[in-house]
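Open the model in your viewer and keep the selection panel at hand. This tour moves from stop to stop, saying what to select and what is there.

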Amino acid sequence: MGRVVFYEDRNFQGRSYECSSDCADMSSYLSRCHSCRVQSGCFMVYDRNNYMGNQYFMRRGEYSDFQSMMGMTDIRSCRTIPMHSGSYRMRLYERDNFGGQMHEMMDDCDSIMDRYRMSDCQSCNVMDGHWLMYEQPHFRGRMMYMRPGEYRNFRDMGMSGMSGMRFMSMRRITDMC
């Protein structure tokens, strides 16, 4: 499993909280969180409690100022990303509830428009592996962590600040952690 140390202030100052598992609400440990050191593993951090709001992928390294590096003012929850050593497989659907065009992916896709001629992706089924989905081509813009499971409607996933978000590129979370 991974290990991360969160700090209240920028540049690894102030009170700290060490974490090696999911944490839905960091407010009982820190009044705010502005920097961290990921000592091992991979994590998704969220700017709201209960894994809600904007998300950012973090791998081993130092993150001295969330505001300037990610545009996030605070980190309120985090989720560990387990290592996956098998194959990767995901089905993308043009419409919600697995409707419209369907394409199966087993590797990264820097543009669903260029590769599949799909202008939108509204649902998916992650069968193997862990993935990051990005709102813009070439792995840019806001992202969302997708673990194995069925995602019938991205617009109704209850992700505050994510409604209306379109996914245009996808990347596997491999052993890059």
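**Stop 1: a buried arginine**

Select Arg79. Arg79 is buried yet has no salt bridge. Buried means under 20% relative accessible area, exposed over 50%, partly exposed in between, with a 1.4 Å probe and protein chains only. A salt bridge is a side-chain nitrogen of Lys or Arg within 4 Å of a carboxyl oxygen of Asp or Glu. Which side chain of opposite charge is nearest to Arg79? Asp22 is, 4.4 Å away. For charge, Lys and Arg count as positive and Asp and Glu as negative; His and the chain ends are not counted.

This is a predicted model: local features need pLDDT of at least 70, side-chain atom pairs count only at pLDDT 80 or more, and totals for chains, interfaces and linings use all residues. Residues are numbered from 1 along each chain as its sequence is written, and side-chain values use heavy atoms, with hydrogens and water left out.

Now show the surroundings of Arg79. Beyond its neighbours within four places in sequence, Arg79 is in contact (heavy atoms within 4.5 Å) with Asp22, Cys42, Phe43, Met44, Tyr46, Tyr51, Tyr145 and Arg147. Arg79 itself is found in strand S7. Helices (H or I, at least four residues) and strands (E, at least two) are DSSP runs, numbered from the N terminus.

**Stop 2**

Select residues 42-48, strand S4. Five of its seven residues are buried. Two strands pair if DSSP finds at least two bridges between them. S4 and S7 (residues 77-81) run antiparallel, joined by five bridges. Look for Cys42, which stands opposite Ile81 in S7.

**Stop 2: the start of the chain**

Select Gly2, in the segment before S1. Is Gly2 buried or exposed? Gly2 is buried, at a relative accessible area of 8%. Draw a C-alpha to C-alpha distance from Gly2 to Ser20: 5.5 Å in space, against 18 residues in sequence. Leaving aside neighbours within four places in sequence, the contacts of Gly2 are Cys19, Ser20, Ser40, Gly41 and Phe43.

**Stop 3: annotated spans**

Residues 2-40 are 0% helix and 51% strand, with end C-alpha atoms 5 Å apart. Residues 41-82 are 12% helix and 52% strand, and their end C-alpha atoms lie 8 Å apart.

**Stop 4: salt bridges**

The whole structure holds 14 salt bridges. Select Asp9 and Arg32, whose side chains meet in one of them, at 2.5 Å from N to O. Asp9 lies in strand S1 (residues 3-9) and Arg32 in the loop between strand S2 (13-19) and strand S3 (35-40), so the pair ties together parts 23 residues apart in sequence. Asp9 is partly exposed at 25% relative accessible area, and Arg32 is partly exposed at 32%.

Next, Arg37 and Glu62: a salt bridge at 2.8 Å, N to O. This pair links distant parts of the chain, with Arg37 in S3 and Glu62 in strand S6 (residues 61-63), 25 residues apart. Arg37 is partly exposed at 26%, whereas Glu62 is exposed at 51%.

Move to Asp107 and Arg115. Their closest N and O atoms are 3.2 Å apart, in a salt bridge. Asp107 is partly exposed at 37%, as is Arg115 at 39%. Then select Arg89, Arg91, Glu104 and Asp128: salt bridges with shared partners join them into one network.

**Stop 5: a four-stranded sheet**

Finish on the open sheet of four strands, in the order S9-S8-S10-S13, with antiparallel pairing. Its edge strands are S9 (99-105) and S13 (149-151), each pairing on one side only. Select S10 (residues 123-128) with S13: three bridges pair them in the antiparallel sense. In this pair, Cys124 stands opposite Tyr151.
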